[in-house]
Amino acid sequence: MSSLTPTRYQHSVVRHLAWLLSAPPLWHGAWRWALSPQQRAHLGAVLDHWEAEPESGPAFLTAPAARRLGQYFEQLYECLMTELLGWGKVINNLPIRGQGRTLGELDFIFRNPHTGELEHHEIAVKFYLGHPAPDGIEPLWYGPNARDRLDLKTRHLREHQSRLTHRPETTEALRALGIDTPRTARVIMPGYLFYPWQEDYPAPVQAPPDHLRGHWLYLEDIEPVDTRHWVPLKKPHWLGPWMQTSTPDVEATQATLAQIRERATPRLFSALAPDPESGHWVERDRFFVMPSAWPDTSR
């Protein structure tokens, strides 16, 4: 078993850090870590230590988790880069303004300890569900909130966010802070793509073949599905995979399914199975269950 296997770790932040180190991107143009066996062994040893003694690690390990997934993911990424990988953070969340408006925001500027150079990192964690397009020609990949789409997000990251450092307004804002303009920009975009349950559905062309997968279905189609070992996931535990020591609570799953019907809001579930090696219940698949109106793109 790899020393960076996420389900080795019961501590959720440690598990999420291991997941982030190993999760493939959702877009060909995004960055992924190329770790040597020696680096993996070292990082695994650090995570093992943090798992055993969380108070010995960075304060983020024991602080209350941010309620917003995007904010939590930023904190997780900063912890990964600075505390685990030893990069120096120069600045984060720097708004770039010009022409009387905000042109964008730089997520992070780090100093690469291997090259000594500054790098601009734009980060996002995303969850998209495949659905036929209105014209019936090309499938689209929508977020749980259907205003978000994989093709639109990757275009924005490629053509706008990752190119912010090319703008003179950015150079001026950084110069005012005594920071040189980075020459390297990277996009970090892990996440999951959810395929229609029991359908033969094509993968998006912009996603690498090893992207993480789940399934989705409408609430009205759930009756034949065995949900006895499902667990409803709350943010930030959308970052997977989920594991637990106790048997899944059937009543909690049924109550969450009822909420989908009452509130017409999507919910994410982890489908668990017992792991003979650890004795824990470990995620084997994940499912989005959607209200019948999704995706209502007119809203």
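## Helix H5

In this predicted model, helix H5 spans residues 168–176, and its buried residues are Glu-169, Thr-170 and Leu-174. Viewed along the axis of H5, these buried residues fall within an arc of 130°, so they line one face of the helix. An α-helix has 3.6 residues a turn, so residues three or four places apart point the same way.

The buried residues of H5 pack against strand E1 (88–98) and strand E2. On the face of H5 turned away from the buried side are the exposed residues Pro-168, Glu-172, Arg-175 and Ala-176. Just after H5, Gly-178 adopts a positive phi of about 75°.

In soluble globular proteins, nonpolar side chains tend to be buried together. The largest nonpolar core here comprises 56 residues, of which Leu-17, Trp-33 and Tyr-77 touch the most other members. Helix H3 provides the largest share of this core, with nine residues.

Apart from its neighbours within four places in sequence, Trp-33 is in contact with Leu-20, Leu-21, Tyr-77, Leu-80, Met-81, Leu-85 and Ile-188.

## Largest pocket

Rolling a probe the size of a water molecule over the atoms shows where empty space is left. The largest pocket has a volume of about 630 Å³. Its lining consists of 25 residues, and Gly-70, Ala-124, Val-125, Lys-126 and Lys-153 lie nearest its centre.

At least two residues of this lining come from each of helix H3 (69–84), strand E2 (101–111), strand E3 (118–123), strand E4 (126–131) and helix H4 (150–159). H3 gives the most to the lining of the largest pocket, namely five residues. By class, the lining of the largest pocket contains nine nonpolar, seven polar and nine charged residues.

## Second largest pocket

The volume of the second largest pocket is about 400 Å³. This pocket is lined by 20 residues, and those closest to its centre are Thr-7, Pro-241, Val-282, Glu-283 and Arg-284.

Helix H1 (12–22), strand E8 (212–218) and strand E12 (281–290) each contribute at least two residues to the lining of the second largest pocket. E12 accounts for the largest share of that lining, with five residues. The lining of the second largest pocket divides into eight nonpolar, four polar and eight charged residues.

Definitions and conventions. Residues are numbered from 1 along each chain as its sequence is written. This is a predicted model: local features need pLDDT of at least 70, side-chain atom pairs count only at pLDDT 80 or more; totals for chains, interfaces and linings use all residues. Side-chain values use heavy atoms; hydrogens and water are left out. On a 1 Å grid over the protein atoms alone, a cavity is a set of points where a 1.4 Å probe fits but cannot get out, and a pocket is an open set with protein on both sides within 12 Å along at least five of seven lines; lining residues have an atom within 4 Å of a point. Grid points are joined across faces, edges and corners, and a volume is the space filled by probe spheres set on the points. Helices (H or I, at least four residues) and strands (E, at least two) are DSSP runs, numbered from the N terminus. Ala, Val, Leu, Ile, Met, Phe, Trp, Tyr, Cys and Pro count as nonpolar, Asp, Glu, Lys and Arg as charged, and the others, Gly among them, as polar. Buried means under 20% relative accessible area, exposed over 50%, partly exposed in between (1.4 Å probe, protein chains only). The arc is that of the directions from the helix axis to the C-beta atoms. Contact means heavy atoms within 4.5 Å. A nonpolar core is a set of buried Ala, Val, Leu, Ile, Met, Phe, Trp, Tyr and Cys residues joined through side-chain atoms within 4.5 Å.
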